[in-house]
Amino acid sequence: MNYRKEIELTLEQISKELDLFTANDTNAGLLGGNTGCALFYAYYYQFTSREEHLDKVLDIVQKSITALSEQPLNGSFCGGVAGVAWCIQHLVGMGFIEEDDITDAFTEIDEVVGDFMEETLLAGKNDFLHEGVGTALYFLGRPPEIGQRYLERLVGHLAGSAHHLPTGIAWKDQFSSQSHRNQEENLYNLGLSHGVPAIIAILCRIYEKGIARDVTHGLIEDATRWVLNTRKTDGGKGLSLFPTLVNAANVISGDVNSRLGWCYGDLGIATMLLGAGKRLQKPAYNEAALSVLHDVAAYRNQKNGAIHDTCLCHGSAGIAHILQQAALATGDPVLEKAAFNWLETTLKMNTWTDGPAGYKFYHHPDYVDNYSVLEGIAGTGLSLLGFLQPEMSTGWNECLLIS
């Protein structure tokens with residue numbers, strides 16, 4: 001079935017809604033605020049060639065640069081300086097901004113993000129979205145003579161804070177398990193948003209850059225072995241293959257089955273494995289990823305995946321995008337078919353007459369308007385764009401470790 005006209009109409013509606021949102025919103029965050037909307041406009045401009053979309057990119061970037069000096073942002077990736085600066089770097093790489101125009105600003109940003117990285121990692125706070133690990137994406141985009149020294153420090157912190165377990169290594173979850181009934185227990189998170197898979201994905205990118213290769217290679221291998229050993233013996237066929245949290249003895253903590261999405265569950269782990277297989281040239285990781293992806297394609301659906309909306313984080317558009325990218329990387333027709341099934345689901349979910357472009361985000365127990373990349377229509381739009389122009393780069397998804 002050809003969804004082109006429906007996608008184009010939906011994108012036009014999303015663009016108009018984001019025009020109003022970005023004109024008035026003051027949250028500069030990359031994934032939860034208005035800076036991320038510049039990514040939507042940049043990629044939409046590549047499709048439409050309409051100057052109004054280029055103008056929006058430049059307007060948002062100017063607001064973001066102002067926010068870096070005026071707003072009390074921390075150094076984190078999701079809502080802080082690292083994410084905003086990463087987005088500006090990305091747009092420089094796409095040719096939307098002249099690098100000479102923002103060179104001086106990055107000198108101060110290096111220090112702010114570097115200090116945040118040191119402070120959080122010294123405290124064992126390794127969360128990708130909100131703590132120390134996410135800063136690596138910013139430094140990976142800096143010139144080698146600047147980025148390398150920060151990344152070497154990050155690798156050193158991770159090597160020193162790893163917990164050595166019977167099946168490999170992992171890092172204690174100090175972010176998402178804060179609400180757990182026993183905060184003193186060592187718990188290990190299997191989500192790409194907050195857990196060990198994100199750390200592995202970051203280490204793979206550092207390895208790819210040729211930085212601290214001996215150390216990073218060992219950490220990647222030991223941590224990936226641990227992740228693979230958390231796979232449940234009774235999972236699959238509608239149940240998740242991996243849990244969300246386990247303790248040091250590999251006993252599941254909390255929900256036995258993880259949701260289906262980018263943030264938690266099987267898709268995030270498969271995404272990490274594909275990336276590790278590519279960067280380390282290790283076919284076994286690719287095979288493990290395909291095993292997971294084929295189970296998702298065959299058995300997971302809206303009900304057993306707990307899919308309530310279209311968000312990139314844990315909704316249908318995120319699932320569609322991950323499966324499409326995996327299909328493009330592997331040439332697997334099963335994954336391509338599954339991706340289009342989730343695309344169809346996404347297009348059918350714009351049924352809210354009072355929601356932006358017909359969509360709303362499920363924030364238990366209510367459905368709310370959301371415009372952001374991670375949870376709102378900007379992210380849904382980026383996913384839809386990928387189906388209109390699969391031959392073009394979707395480099396924006398590096399901010400979610402999807403590549």
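Q: Why does threonine 346 count as buried?
A: In this predicted model, threonine 346 has a relative accessibility of 1%, and since buried means under 20% relative accessible area, threonine 346 counts as buried. The residue is found in helix α13, which covers residues 333-348, and its C-alpha atom is separated by 31 Å from that of valine 133, which is 213 residues away along the chain.

Q: What makes the chain as compact as a globular protein of its length?
A: The chain has 14 helices and 7 strands. Its radius of gyration is 20 Å, close to the 22 Å that the globule rule gives for 403 residues, and therefore the chain is as compact as a globular protein of that length. Along its principal axes the C-alpha trace spans about 55 × 50 × 40 Å, and buried residues make up 58% of the 403 residues.

Q: Why is the contact between aspartate 110 and arginine 142 called a salt bridge?
A: Side chains of opposite charge can pair when their charged atoms come close. For aspartate 110 and arginine 142 the closest N and O atoms are 2.9 Å apart, and because a salt bridge requires a side-chain nitrogen of Lys or Arg within 4 Å of a carboxyl oxygen of Asp or Glu, this pair forms a salt bridge. Aspartate 110 lies in helix α5 and arginine 142 in the loop between α6 (135-140) and α7 (144-161), so the pair ties together parts that are 32 residues apart in sequence.

Q: How do you know whether aspartate 110 is buried or exposed, and what of arginine 142?
A: The limit for buried is under 20% relative accessible area; aspartate 110, at 5%, therefore counts as buried, and arginine 142, with 13%, is buried too.

Q: What does the salt bridge between glutamate 118 and arginine 153 tie together?
A: The closest N and O atoms of glutamate 118 and arginine 153 are 3.4 Å apart, which is within the 4 Å limit and therefore makes the contact a salt bridge. Glutamate 118 lies in helix α5 and arginine 153 in helix α7, so the pair ties together parts that are 35 residues apart in sequence. Arginine 153 has a relative accessibility of 37% and counts as partly exposed.

Q: Where do glutamate 8 and arginine 4 lie, and why are they called partly exposed?
A: Both lie in helix α1 (residues 4-24), 4 residues apart, about one turn of the helix, and they form a salt bridge in which the closest N and O atoms are 3.3 Å apart. Partly exposed is the class between buried, under 20%, and exposed, over 50%, so glutamate 8 at 30% and arginine 4 at 37% both belong to it.

Q: How many salt bridges does the count come to, and which residues are linked in a network?
A: The count comes to 13 salt bridges, and Glu12, Arg50 and Glu52 are linked in a network of them.

Q: Why is glutamate 111 called exposed?
A: Its relative accessible area is 51%, and because exposed means over 50%, glutamate 111 is exposed. This glutamate 111 has its place in helix α5 (residues 103-122), and together with Asp104, Glu108, Asp115 and Glu119 it forms a negative surface patch.

Q: What makes asparagine 186 partly exposed?
A: At 30% relative accessibility, asparagine 186 falls between the limits of 20% and 50%, and therefore counts as partly exposed. Asparagine 186 lies in the loop between β2 (168-170) and β3 (187-189), and it is 13 residues from aspartate 173 in sequence and 7.5 Å from it in space, C-alpha to C-alpha.

Conventions
Residues are numbered from 1 along each chain as its sequence is written. This is a predicted model: local features need pLDDT of at least 70, side-chain atom pairs count only at pLDDT 80 or more; totals for chains, interfaces and linings use all residues. Side-chain values use heavy atoms; hydrogens and water are left out. Patches are made of residues with over 30% relative accessible area and no salt bridge: like charges are joined within 9 Å, nonpolar side chains (Val, Leu, Ile, Met, Phe, Trp, Tyr) within 5 Å. Accessible areas come from the Shrake-Rupley method with a 1.4 Å probe; for residues, only the protein chains shown count as cover. Lys and Arg count as positive and Asp and Glu as negative; His and the chain ends are not counted. The place of a charge is taken as NZ of Lys, CZ of Arg, CG of Asp or CD of Glu. Helices (H or I, at least four residues) and strands (E, at least two) are DSSP runs, numbered from the N terminus. Buried means under 20% relative accessible area, exposed over 50%, partly exposed in between (1.4 Å probe, protein chains only). The radius of gyration is taken over C-alpha atoms; the globule rule is 2.2 Å times the number of residues to the power 0.38.
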